[in-house]
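Student: Could you show me how to read the packing inside a protein model?
Tutor: Gladly; let's look at it together.

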Amino acid sequence: ANLDYKGEIAKYNDILKAFRKSQDLFTKEKDILELLQERYGLIYAQIHQYLAPKKNDSAENEIREHIKTVFALDLPVCEVKIKKFQSALDGYEKKKVKDEKQINLCYRYLQEWLTLYEKFYALVAFRSLEHFAYFMEWDKSERDKFWKYSIDTFGDGGYSGCTKGFFYYANQMVLENNVKFILKQLPTSFGKSFSDSIMISFIFGFDRSEQVIKVVGNRSLPSKCTKQVVDIMCNKRYREVFPEYQAYIDEEKKDIASQIFSICQIKEGILTINGSGRDTSYECFSKETDRDGIRGGYLFLDDIVQRSERMKLERHAKDLDAFDGTWKKRSKDEKKFRIVCGGTTYDIYDLLETLRFRYSKGRLKRSPINKYTTLSMEEDAVFVKVPKLDEKDQLTFPQKTVLENVLADRKNNPELFKAMDMQEPVAPEENPFYWDYIRQYEFIPDNSKEYCLATLDPARTGDNYVSMPVFKEVQEIDEDG
């Protein structure tokens, strides 16, 4: 039977706090290294061998407490020690006369701390979607890393980060189920679809029995999106974060996918996870596909509105009908059902703008976490809206975009740039009553009629509204007055 180390971990917490407070203790390199190595062994065993298999609220709460402690106590120590020995090693290397003994000692300590840091980081990623995203690109070169720059773009803790808002509230959606709806609008190449795949993989790490439905607007996307999920879950880093999956792997066999998935049909967009107890774990299909399948706990909508469909009101009505009549009906439990939408809002009547109004109920408040994120008043719906240029015409993602090219795009096609890159949908020209098309007055003109007219539009069903515009006729004035 697996042992309960909770009491022993608490004692080690106190010992580590004492080491952190005392300069003499903190500089005893051998002692503090051994302390953290022992702590890691205890915490790992407690989380993955004793608590995780229980799968109950009490165990889950304790897992999160241990992870918070690791984040607050262990990771900072590792970071300080790595910096110290890297700096010392650089100093020894610059000396004309090399002290090989000291160089080897520094190198050994540096490697020990790097290894320990990686292990502790994987523990934090077990319940932190943001750390999970970072950890999954751990082996990439600095130039090729994406989430490192997308989440905390300007080094301000993610307040100005392109995807910080999404990762922060998506984490709450998975762990707490207090966020029911997320809408993210990001320019092309900002990680809109990729962040879906990261989140879906994290969901299956959190609960391998979960079921996910994803609907996409482009027929070519189901295979691409499915392959992203498979690649993430087959990465060795994934099993370091979620060691439950390691039980299914024989490292001598090259085909990892066939060991993690009992069904892996990338082209068809269908996955079933080994040991999930489900016929289907994941199903991805285009909006044009009439497919009856699983009922899920999550619905992902990705780029439902295509560029060729902008300003087409009939197409928007068809998308909304599919959402209300088909996709949303695939929930296995309405109270726990969670929806994540991503895409470009080309005009004010497309599906995403309609859902924005529906789930915000017309009222929003700013998120304290991220400048591009707003919340419904009940904080159960989240809206991430990232432009390519900020209010000062500066790039919001300078690591991946070029200012000259962005300004040229704005000049060449202002309307398309406004929708695709600035996330500001435009009004269809065929709707003459859109607000921007209506002449506005601060005071009623003197040449208006003495009487008012009113038109009543009563509600018929559901959550529809009663409206009654009241207006006065005004004499037209030509350009000559």
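**Reading cores and helix packing**

Tutor: Phenylalanine 132 touches Ala125, Ile198, Ser201, Phe202, Ile232, Tyr238, Val241 and Phe242, leaving aside residues up to four places away in sequence; contact means heavy atoms within 4.5 Å. This is a predicted model, where local features need pLDDT of at least 70, side-chain atom pairs count only at pLDDT 80 or more, and totals for chains, interfaces and linings use all residues. Residues are numbered from 1 along each chain as its sequence is written, and side-chain values use heavy atoms, without hydrogens and water.

Student: Which residues have the most contacts inside the largest nonpolar core?
Tutor: In soluble globular proteins, nonpolar side chains tend to be buried together. A nonpolar core is a set of buried (under 20% relative accessible area, 1.4 Å probe, protein chains only) Ala, Val, Leu, Ile, Met, Phe, Trp, Tyr and Cys residues joined through side-chain atoms within 4.5 Å. Here the largest has 98 residues, and Leu36, Trp113, Phe132 and Met199 have the most contacts inside it. Helix 5 (residues 100–125) gives the most to this core, 13 residues. A second, separate core of 26 residues includes Trp327 and Ile339.

Student: At what angle do helix 6 and helix 8 pack?
Tutor: Helices are DSSP runs (H or I, at least four residues), numbered from the N terminus. Helix 6 (residues 129–136) and helix 8 (residues 164–175) pack at about 120°, with axes 8 Å apart. Leu129, Glu130 and Ala133 of helix 6 make the contact with Lys164, Phe167, Ala170 and Asn171 of helix 8.

Terms used. Buried means under 20% relative accessible area, exposed over 50%, partly exposed in between (1.4 Å probe, protein chains only). Helices (H or I, at least four residues) and strands (E, at least two) are DSSP runs, numbered from the N terminus. Axes are lines fitted to C-alpha atoms, for helices over the stretch in contact, and angles run from 0 to 180 degrees between N-to-C directions.
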